[in-house]
Amino acid sequence: MTIFRTCGLSLTLAPLIAAGLLCLSSSLAAADDPDPAAPKGAAVTVLKAAKSCFANIVEVSGTIIAREETQVRPERMGLKVAEVMVDAGDSVTAGQVLARLNLPEGGQITVQAPVAGVISATTASVGAMAGAKGEALFSIIARGEFDLVGMVPTRDIAKLQVNQTARIKVIGAGEVDGRVRRLSTTVEPNSQLAQVFVGVTTPRRLLVNSSGRAQIRTGQSCGVAVPLTAILYGTAGTVVQVVRRARVETRRVETGLMSAGQVEITSGLQEGDIVVARAGALLREGDPVRAVTASADGK
């Protein structure tokens, strides 16, 4: 009878032991995978869309010219150059003696600078004839003032106003400051370009007819921005890839200004949206991903 009781007990416990082993196996599996329902996928670097301000810039390429050039000649005819006091490139003050001339009847007169500025050119040489007509002895860039003269499209001329600040890169002189001085009131009919004069502010010596490029600041726009690498351009339009609930969502966006690798997003994205830092064709709508936040150094 004892043997039968033991066998009966064993038969009763067998299902319970099997059930316990099954529960233990499930618990161990759950420990290895804490969220079996969470989607698996490639790790992608993400960042939060943040607000940024962009400067509205109109670019003007053109040529450096003298704003005002004064021609210097003697008032009388038949004079001969006796002495030349200055040369091209020299800075002069108003009233400064530029040359001495011999009179036909004897004696001398002086030629003086009518304005302060820079001597841009001279034909004066000892022994040469000089008079009130013909070539000027000296050309003076009045007050050493220059303009960058360039052409801009009609769509940009409406953005420009007198006194707007500019940063100008001049070939051979580096970067200098400037300010819009004058705007054309007409448009060239064939090219639909209008002329703009940007006054150059610098103590540096500039070369007339040298090339320059001005960036004129016309205002600024502030909004949501993302890196250029986060944007995809295709037949479907301009899109960014957003990570939401561990899956990829494709958002169509409208872009605005661009600066230093950042692009303004005017619609389609909100501040704080989690955006794939480097969007690519390998990621598709609904793909599961594991988001890795970009470090400050990696932005």
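## A buried glutamine

Gln 164 is buried, at a relative accessible area of 11%. Buried means under 20% relative accessible area, exposed over 50%, and partly exposed in between, with a 1.4 Å probe and protein chains only. The residue sits in the loop between helix 2 (154-157) and strand 12. Helices (H or I, at least four residues) and strands (E, at least two) are DSSP runs, numbered from the N terminus.

The side chain of Gln 164 has a polar atom 3.1 Å from the backbone oxygen of Lys 159. Apart from neighbours within four places in sequence, Gln 164 is in contact with Lys 159, Gly 178, Arg 179, Val 180, Ile 216, Arg 217 and Thr 218. Contact means heavy atoms within 4.5 Å.

## Model and overall build

This is a predicted model: local features need pLDDT of at least 70, side-chain atom pairs count only at pLDDT 80 or more, and totals for chains, interfaces and linings use all residues. Residues are numbered from 1 along each chain as its sequence is written, and side-chain values use heavy atoms, with hydrogens and water left out.

The protein chain has two helices and 22 strands. Of its 299 residues, 31% are buried. Among contacts with a separation of 6 or more, 69% link residues 24 or more positions apart. The chain exposes about 17900 Å², and carbon and sulfur atoms supply 54% of that. Accessible areas come from the Shrake-Rupley method with a 1.4 Å probe; for residues, only the protein chains shown count as cover.

The largest nonpolar core has 23 residues. Ile 168 and Ile 216 have the most contacts inside this core. Such a core is a set of buried Ala, Val, Leu, Ile, Met, Phe, Trp, Tyr and Cys residues joined through side-chain atoms within 4.5 Å. The elements that give two or more residues to it are strand 2 (50-66), strand 11 (146-153), strand 12 (165-170), strand 13 (174-183), strand 14 (193-201) and strand 15 (211-227). A second, separate core has 17 residues, including Leu 79, Ile 119, Ala 130 and Leu 137. In soluble globular proteins, nonpolar side chains tend to be buried together.

What does Ile 168 contact, leaving aside neighbours within four places in sequence? Its partners are Leu 148, Gly 174, Glu 175, Val 176, Asp 177, Gly 178, Val 198, Gly 199, Val 200, Arg 213 and Ala 214.

## Strand pairing around strand 14

Strand 14 pairs with strand 11 in the antiparallel sense, over eight bridges. Two strands pair if DSSP finds at least two bridges between them. Gly 150 stands opposite Val 196 in strand 14.

Strand 13 also pairs with strand 14, again antiparallel, over six bridges. Here Asp 177 has Thr 201 of strand 14 as its bridge partner.

Strand 6 (residues 97-102) joins strand 7 through five bridges. Asn 102 stands opposite Gln 108 in strand 7.

Another open sheet of four strands runs 3-10-8-5, also with antiparallel pairing. Strand 3 (69-72) and strand 5 (91-92) stand at its edges with a single partner strand each, so one side of each has no neighbour in the sheet. Five bridges join strand 8 (residues 117-122) to strand 10 (residues 138-142). Val 118 stands opposite Ile 141 in strand 10.

## The disulfide

How many disulfides does a search of the whole structure find? The search finds one. Cys 53 is joined to Cys 222, S to S 1.9 Å. The criterion is a pair of cysteine sulfur atoms within 2.5 Å. Cys 53 lies in strand 2 and Cys 222 in strand 15, so the pair ties together parts that are 169 residues apart in sequence. The torsion about the S-S bond is about 105 degrees, so this disulfide is right-handed.

Both cysteines count as partly exposed: Cys 53 at 45% relative accessibility, and Cys 222 at 48%.

## An exposed loop glutamine

Gln 270 is found in the loop between strand 20 (262-267) and strand 21 (274-276). At 58% relative accessibility, Gln 270 counts as exposed. Not counting residues up to four places away in sequence, Gln 270 touches Ala 49 and Val 224. Gln 270 and Lys 48 are 222 residues apart in sequence, yet 9.5 Å apart in space, C-alpha to C-alpha.

Note on methods. A polar contact is a pair of N or O atoms within 3.5 Å; within protein, one must be able to donate a hydrogen and the other to accept it, and residues adjacent in sequence count only if both atoms are side-chain atoms.
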